[in-house]
Amino acid sequence: MDLRLLAVGFGIMPMGAILLVFLEGRLRSREALVWGALIGIVAFLGIAHAAATILELDSQFTAGAGASAVTLALGLLLGLGLGWFLLGRTTGGGVSFASRVAWAALVFLALHSVSDGQVLGEAYAGPLPLGWTLTPLIVSATFVHRFAEGALVVVPALVASWRPVKSLGLLTVGLLTLPAAYLPVALFASGYSSATLTADQATLMFVSSLKMGIAFMLILIGLLPRVVTQKDPRWAVAAGLAFLAMFLVHFAVE
């Protein structure tokens with residue numbers, strides 16, 4: 001399949017989560033379960049999956065273990081700092097905390113789109129691009145994956161009373177998959193070398209660790225406080241089931 005079409009299709013999928021506006025009443029009546037599910041989604045995508053990517057890259061990092069560690073630390077610290085900037089400060093300026101959570105989730109979606117786009121593009125890079133073979137299972141699982149990422153933005157946006165058109169417009173950050181997909185293609189246009197491979201690895205590791213830092217803050221400051229005060233402890237079950245669902249979705253396509 002053409003890389004441009006693949007990256008654009010992948011990029012617009014989070015916009016499907018805007019359909020959740022039609023379920024606003026039900027989502028509000030099950031707030032603890034819904035926000036618990038968001039915790040599970042972020043825990044898998046932002047911590048478990050990102051950590052697996054980083055560990056895989058570390059085992060192959062051509063610049064050595066020291067450079068790998070520095071890249072990881074720099075990205076993680078910047079992610080924690082950015083998460084604190086978005087969520088940790090005292091709310092002010094008329095911006096509700098739910099809005100802050102939605103903005104932080106939007107940044108997370110943007111970073112995840114960049115890393116996913118880069119992985120998509122790697123299959124089309126170099127002198128012998130292999131591309132991706134699409135099957136109904138892969139397409140369906142990918143849509144679920146991207147829909148869940150969009151839900152991370154839409155749910156707090158509903159609580160913050162954002163207009164649907166605003167949420168839909170901001171979800172277009174998912175299209176960052178397109179420029180990200182062409183990064184490895186550009187890097188390896190003239191063939192593989194130690195320098196280009198290191199650049200590709202370092203970029204993906206940095207973005208993954210940056211995403212992990214924001215994920216920590218999004219869970220600990222943005223999402224957990226919303227559920228720990230609830231009288232319904234089933235949010236923990238919802239978090240676990242959402243984590244499992246994301247695991248199975250990735251298990252089906254990777």
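Predicted model: local features only at pLDDT ≥ 70, side-chain atom pairs only at ≥ 80, totals over all residues.
Me: At roughly what angle do the axes of helix α6 and helix α10 cross?
Reply: Helix α6 covers residues 136-159 and helix α10 covers residues 235-253, and α6 passes α10 in a left-handed crossing. Their axes come within 9 Å of one another, and the angle at which they cross is roughly 145°.

Me: How do the residues of the contact of α6 with α10 divide into nonpolar, polar and charged?
Reply: On the side of α6 the contact is made by Leu137, Ile138, Ala141, Thr142, Val144, His145 and Ala148, and these meet Met246, Val249, His250, Ala252 and Val253 in α10. Sorted by class, the residues of this contact come to nine nonpolar, three polar and no charged.

Me: Which residue with a positive phi follows α6?
Reply: The residue in question lies in the loop between α6 and α7, the latter being residues 164-170. Most residues other than glycine have a negative phi. Here phi is near 65°, a positive value in a residue other than glycine, and the residue that follows α6 with this value is serine 161.

Me: Is serine 161 buried or exposed?
Reply: Serine 161 belongs to the loop between α6 and α7, and its relative accessible area is 59%. Because a residue counts as exposed when this area is over 50%, serine 161 is classed as exposed.

Me: In a right-handed or a left-handed crossing, how does α4 pass α9?
Reply: The axes of helix α4 (residues 65-88) and helix α9 (residues 194-228) come within 7 Å and cross at roughly 35°. The residues of their contact divide into 18 nonpolar, nine polar and no charged. As for its hand, the crossing in which α4 passes α9 is right-handed.

Me: Which residues does serine 68 touch, not counting residues up to four places away in sequence?
Reply: Serine 68 is a residue of helix α4, and its relative accessibility of 2% means that it counts as buried. With residues up to four places away in sequence not counted, the residues touched by serine 68 are Asp58, Phe61 and Met205.

Me: How many of the 26 residues of α5 are buried?
Reply: Helix α5 runs over residues 97-122, and its end C-alpha atoms are 38 Å apart, in agreement with the 38 Å that its 26 residues should span at 1.5 Å a residue. This helix is mostly covered, and the number of its residues that are buried is 20.

Me: How far apart in space are leucine 3 and alanine 180, C-alpha to C-alpha?
Reply: Leucine 3 has its place in helix α1 (residues 3-12) and is buried, with a relative accessible area of 6%. Leaving aside neighbours within four places in sequence, leucine 3 is in contact with Leu120, Gly121, Tyr124, Ala181, Tyr182 and Val185. Leucine 3 and alanine 180 are 177 residues apart in sequence, and from C-alpha to C-alpha the distance is 11 Å.

Me: What separation is found between the C-alpha atoms of leucine 187 and glutamate 122?
Reply: Leucine 187 is found in helix α8 (residues 177-187) and, at 21% relative accessibility, counts as partly exposed. Apart from neighbours within four places in sequence, leucine 187 is in contact with Thr196, Ala199 and Asp200. Along the chain, leucine 187 and glutamate 122 are 65 residues apart, whereas the separation of their C-alpha atoms is 9.8 Å.

Me: What distance separates the C-alpha atoms of leucine 130 and leucine 74?
Reply: Leucine 130 is found in the loop between α5 and α6, where its relative accessible area of 80% makes it exposed. Leucine 130 and leucine 74 are 56 residues apart along the chain, and the distance separating their C-alpha atoms is 32 Å.

Notes. Residues numbered from 1 in each chain as written. Heavy atoms only, no water. Axes fitted to C-alpha atoms, helices over the stretch in contact; angles between N-to-C directions. Helix = DSSP H or I, 4+ residues; strand = E, 2+ residues; numbered from the N terminus. Left-handed = near helix turned anticlockwise from the far one by under 90°. Contact = heavy atoms within 4.5 Å. Nonpolar A, V, L, I, M, F, W, Y, C, P; charged D, E, K, R; others polar. Expected span 1.5 Å × (residues − 1). Buried < 20%, exposed > 50% of the residue type's maximum accessible area, 1.4 Å probe, protein only.
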